[in-house]
2 protein chains.
Amino acid sequence: MIEQEIRNMDFASRLPRELYLPVDYVMSNGGKRIRPVFCLLACEMFSGNPAAALRPALAIEIFHNFTLLHDDIMDKADLRRNKPTVHKKWNENTALLSGDAMMVLSFDLISSVKPELLPQLLPVFNRTALEVCEGQQLDMNFEALTGVTEQMYLEMIRLKTSVLIAAAMKIGAICGSASVKDAELMYDSGISLGMAFQIQDDLLDLYGRQEKFGKKPGGDILLNKKTILLLTARQRAGKETGQRLNDLLENENDPDIKIREIKKIFEDLDVRKITEKKAANLFNEAMEKINSTNARNSGKSELTGFIEAIMTRKS
Amino acid sequence: MIEQEIRNMDFASRLPRELYLPVDYVMSNGGKRIRPVFCLLACEMFSGNPAAALRPALAIEIFHNFTLLHDDIMDKADLRRNKPTVHKKWNENTALLSGDAMMVLSFDLISSVKPELLPQLLPVFNRTALEVCEGQQLDMNFEALTGVTEQMYLEMIRLKTSVLIAAAMKIGAICGSASVKDAELMYDSGISLGMAFQIQDDLLDLYGRQEKFGKKPGGDILLNKKTILLLTARQRAGKETGQRLNDLLENENDPDIKIREIKKIFEDLDVRKITEKKAANLFNEAMEKINSTNARNSGKSELTGFIEAIMTRKS
């Protein structure tokens with residue numbers, strides 16, 4: 001449904017082509033479509049039919065891809081989903097402006113629901129959109145900051161990642177005529193899930209199997225990224241281990257040694273297990289919230305089944 | 001009212017500061033507030049009270065300033081309203097992300113009107129926002145394009161400039177409970193006005209008095225900008241004069257000679273008079289449309305008086 005609706009938008013035929021071809025490129029470039037699928041499944045759970053959430057689901061997916069497009073400019077990333085980023089394939093101005101157009105398109109899609117839903121949906125969508133910007137700013141701040149704690153990190157990923165997943169759940173539920181209480185439960189489940197996914201990403205980056213994950217393990221360590229693994233290690237390390245960790249991060253130039261030694265420290269400090277436990281707890285919280293709603297059981301199983309499939313992915 | 005409402009938004013206190021301080025900087029940096037004033041006056045014209053249009057007016061002003069912020073990145077402009085642009089004062093990533101946040105803020109403000117107005121206002125605002133992006137793209141395309149005609153130029157400024165002024169008028173009118181027909185007349189008057197303003201800008205750049213206009217006349221000529229003056233001259237020039245014009249544009253390195261000689265060609269071809277006539281016609285069209293609405297006369301005089309003050313400015 002999502003792919004069909006994206007094709008129906010027919011970005012490739014819109015004028016000026018210089019503005020819309022990059023939009024078509026980004027939106028045709030795949031991705032797991034997790035957010036719109038959540039939105040549709042949440043709607044179906046409450047109403048038996050996902051169709052009422054189709055345009056909002058697409059709004060969320062376009063908004064998500066807009067954030068990736070602008071984030072890639074800010075991060076100077078060359079590749080996204082194994083293809084050149086828009087600012088590499090075209091240029092930065094094109095990426096900037098096409099991203100702006102995508103944001104407008106997402107607002108236009110969320111505005112196109114039944115008028116009686118607008119007063120409920122718009123505040124969720126708008127607040128979420130602003131929070132995602134705030135999360136991206138925190139992420140950029142953290143790069144230059146030394147004292148980032150686990151709590152600060154969790155708040156950053158809540159804003160940068162979780163709120164959009166939560167909004168997808170809540171908006172889907174609202175489109176499916178869920179009660180206010182159930183819509184809120186769906187939002188909360190999305191927050192827990194978003195955190196779980198991000199923590200799992202951090203885990204997969206180091207412990208994922210290369211053939212499945214598609215990239216060499218340990219990339220985050222080489223970039224000195226402040227992942228939940230590193231922050232947990234810092235929290236648990238005594239003075240000596242903490243210094244050794246910092247020394248490896250700052251001064252070790254051999255990538256293989258750097259990854260191996262830091263991995264060893266993580267092992268000594270039980271970092272992997274602790275982090276896996278955190279992800280599992282968040283995942284369970286999400287499931288409980290979904291199951292505690294007043295939705296039809298078949299819909300709940302479909303959504304929770306989809307979530308399990310994502311959580312058990314090795315890539 | 002606008003300035004007070006901007007202060008009420010209290011951007012300077014919002015977190016993360018790195019995201020919102022640039023928003024505060026841009027929104028406190030003045031500007032003529034033409035669009036929000038149009039919006040308020042249009043509302044008052046039909047209802048006797050501008051207040052119902054206050055938040056939409058602010059939405060339009062924030063959206064306008066967002067476009068300036070991102071345009072300045074794309075144009076690599078150092079100054080805006082005699083102060084450093086955001087990407088100069090901070091950096092490009094900050095300018096990009098704060099601009100994104102401003103766009104969200106504008107959508108959130110337009111979404112905060114009385115729910116019964118949403119189905120009328122959102123399509124106007126969203127379509128306009130997208131058209132402004134399209135206009136900016138055309139403007140960038142034209143820089144590298146040789147065969148730009150007057151008609152293409154007018155379509156570009158319609159999208160880049162006029163539609164937002166038109167939307168300000170129409171949205172104000174809708175907030176003032178204008179009829180569908182009157183709201184459309186207000187939109188059309190805004191289109192004419194936007195074109196008139198841009199043409200007047202082109203005229204002032206060359207014929208404005210430096211002490212009032214604040215910059216040396218002829219800047220557009222030195223940048224080889226495709227203004228309505230140049231396009232009119234090209235249209236009217238015979239082969240020989242056309243070649244001389246191109247030669248001056250491409251090869252004349254002395255700025256004073258370049259401006260003086262091109263000005264002379266414009267004079268020979270009656271370019272100034274023809275262009276002034278175009279602006280005057282558009283201005284009259286706008287006035288007629290406003291006066292043909294079913295609004296209170298006192299409101300009409302207030303709006304048309306404000307427009308006359310802008311049109312007769314020498315700076």
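Chain A of this predicted model averages a pLDDT of 95, and 98% of the residues score at least 70. Within chain A, confidence is highest in helix α3 (residues 34-47), at 98, and lowest in helix α10 (residues 210-213), where the mean is 62. For the model as a whole, the scores are ipTM 0.94 and pTM 0.95.

Let's turn to how the two chains meet. On the chain B side, 31 residues are in contact with 31 residues of chain A. Four elements of chain B give two or more residues each to the side that touches chain A: α2 (17-28), α4 (54-75), α6 (92-110) and α7 (118-143). Of these, α7(B) gives the most, with 13 residues. Sorted by class, that side of chain B has 20 nonpolar, seven polar and four charged residues.

Inside chain B, a helix pair is worth a look. Helix α3 (residues 34-47) of chain B packs against helix α8 (residues 150-175) of chain B at an angle of about 30 degrees, and their axes are 7 Å apart. Because angles under 35 degrees count as roughly parallel, α3(B) is roughly parallel to α8(B). The crossing of α3(B) past α8(B) is right-handed. Residues of α3(B) that take part include B:Phe38, B:Leu41 and B:Phe46, and among those they meet in α8(B) are B:Leu164, B:Ala168 and B:Ile171. By class, this contact has 15 nonpolar, one polar and one charged residues.

Now for some backbone details. Most residues other than glycine have a negative phi, and most peptide bonds are trans.

A:Pro16 sits in the loop between α1 (2-9) and α2 (17-27) of chain A, while B:Pro16 is in the loop between α1 (2-9) and α2 of chain B.

A:Asn82 lies between β1 (79-80) and β2 (83-84) of chain A, and B:Arg81 is in the loop between β1 (79-80) and β2 (83-84) of chain B. Are these residues buried or exposed? A:Asn82 has 9 other C-beta atoms within 10 Å, so A:Asn82 is exposed. B:Arg81 also counts as exposed, because B:Arg81 has 11 C-beta neighbours inside 10 Å.

Notes:
Residues are numbered from 1 along each chain as its sequence is written. Chains are lettered from A and ligands numbered from 1 in the order in which they are written. This is a predicted model: local features need pLDDT of at least 70, side-chain atom pairs count only at pLDDT 80 or more; totals for chains, interfaces and linings use all residues. Two residues are in contact if their C-beta atoms, placed from the backbone, lie within 7 Å. Ala, Val, Leu, Ile, Met, Phe, Trp, Tyr, Cys and Pro count as nonpolar, Asp, Glu, Lys and Arg as charged, and the others, Gly among them, as polar. Axes are lines fitted to C-alpha atoms, for helices over the stretch in contact, and angles run from 0 to 180 degrees between N-to-C directions. Angles under 35 degrees count as roughly parallel, over 145 as roughly antiparallel, 65 to 115 as roughly perpendicular and the rest as oblique. A crossing is left-handed if the near helix is turned anticlockwise from the far one by less than a right angle, and right-handed if clockwise. pLDDT is the predictor's confidence in each residue, from 0 to 100. A residue is buried if 20 or more other C-beta atoms lie within 10 Å of its own, exposed if 12 or fewer, and partly exposed in between; C-beta atoms are placed from the backbone.
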